[in-house]
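Here are my notes on the model you sent over. Have a look at it first, then read on.

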Amino acid sequence: MVPIPRRYTTDAIVLSRFDFGEADRILTLITPGSGKLKAIAKGIRRPTSRIGGSLEPFAELNVALARGRTFEVVTQVSVGHAWLNLRDSLESAATAWYLAELADRSLEERAAAEPVYLLLRHAYGLLDAGMAPRRVARWYEMHLADELGVRPEVDRCAECDRMLEAEGRFRWVPQLGGVVCDRCPGPAHSLAGLSLEALKLLKAYQRLDIEAIAALRQAEVVEREVEAAMRDFIRYTLEREARSLGFLDEIRTQSVPRIPATPPAAPTG
Ligand SMILES: [Zn+2]
């Protein structure tokens, strides 16, 4: 890898953060050019900190960093663009944390991350513009899978490669990479059926542009089916459940009094 200069500036979005020591905070940032990295903001929790108010999630930041032994050190921050409307609804704020967590889990530190950076930035713009959070989340999951090289198979049987036919019956098998037809045995215990309507919606997330996806009318039961399918797929791909999902599900079923400053299940040090 090309050596990184001692001091540099970059665009960045905060993926996660936790308090450290008496007044510091450690952040995981995604940057277009330097990938995912960890940075420490020293003294940020003191009222006199110059960077305290700027180093926030849900914003595209311009950050000056100095290379440190363990972490980069944040020396300056300015806000390039803040997605302020995104915070107006708990569901969209919780979804934004979920999307950030998926980006975090998907990337190795310092690995190329520009496509994921652009995807996250686009998704935050959509949430900010008021698009239904779960539509944004499904669109993002589908395209993130694409970027990770595991595009879900929704046109052919993932086992026998036959084109799927509308009159067939389908199963959703993340271990095999997508849909399996009714002629194939599939792995043991793969009993999860997939309706034709859900298959069509999955295809729409792969193929349609975002305006068309936003305008789709779908029955609640189909939306739920696709949500479960994509969550299964992402869980299988990333080899674990996203921590922020529990909170996202909770706020859908009850009202929570305030917008989370951090994902509630994030590590605390
Ligand atoms: Zn088959």
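Which residues coordinate the zinc ion?

1. Cys-157, Cys-160, Cys-181 and Cys-184 do, each through SG, at 2.3 to 2.4 Å. Donors here are N, O and S atoms within 2.8 Å of the metal (3.2 Å for Na, K and Ca), and water is not among the atoms, so sites may look incomplete.

2. Keep in mind that this is a predicted model: local features need pLDDT of at least 70, side-chain atom pairs count only at pLDDT 80 or more, and totals for chains, interfaces and linings use all residues. Residues are numbered from 1 along each chain as its sequence is written, and side-chain values use heavy atoms, with hydrogens and water left out.

3. Along the chain, the zinc donors are spaced C-x2-C-x20-C-x2-C. Cys-160 sits in the loop between helix H3 (133-147) and strand E6 (170-173) and Cys-181 in strand E7 (residues 178-181), so the pair ties together parts 21 residues apart in sequence. Helices (H or I, at least four residues) and strands (E, at least two) are DSSP runs, numbered from the N terminus.

4. How exposed are these two? Cys-181 is buried at 9% relative accessible area, while Cys-160 is partly exposed at 29%. Buried means under 20%, exposed over 50%, partly exposed in between (1.4 Å probe, protein chains only).

5. Elsewhere, 5 strands close into a barrel, ordered E1-E2-E3-E5-E4, with mixed pairing. Strands E1 (residues 7-20) and E2 (residues 24-31) pair antiparallel over 7 bridges; pairing takes at least two DSSP bridges between two strands. Ser-16 stands opposite Thr-28 in E2.
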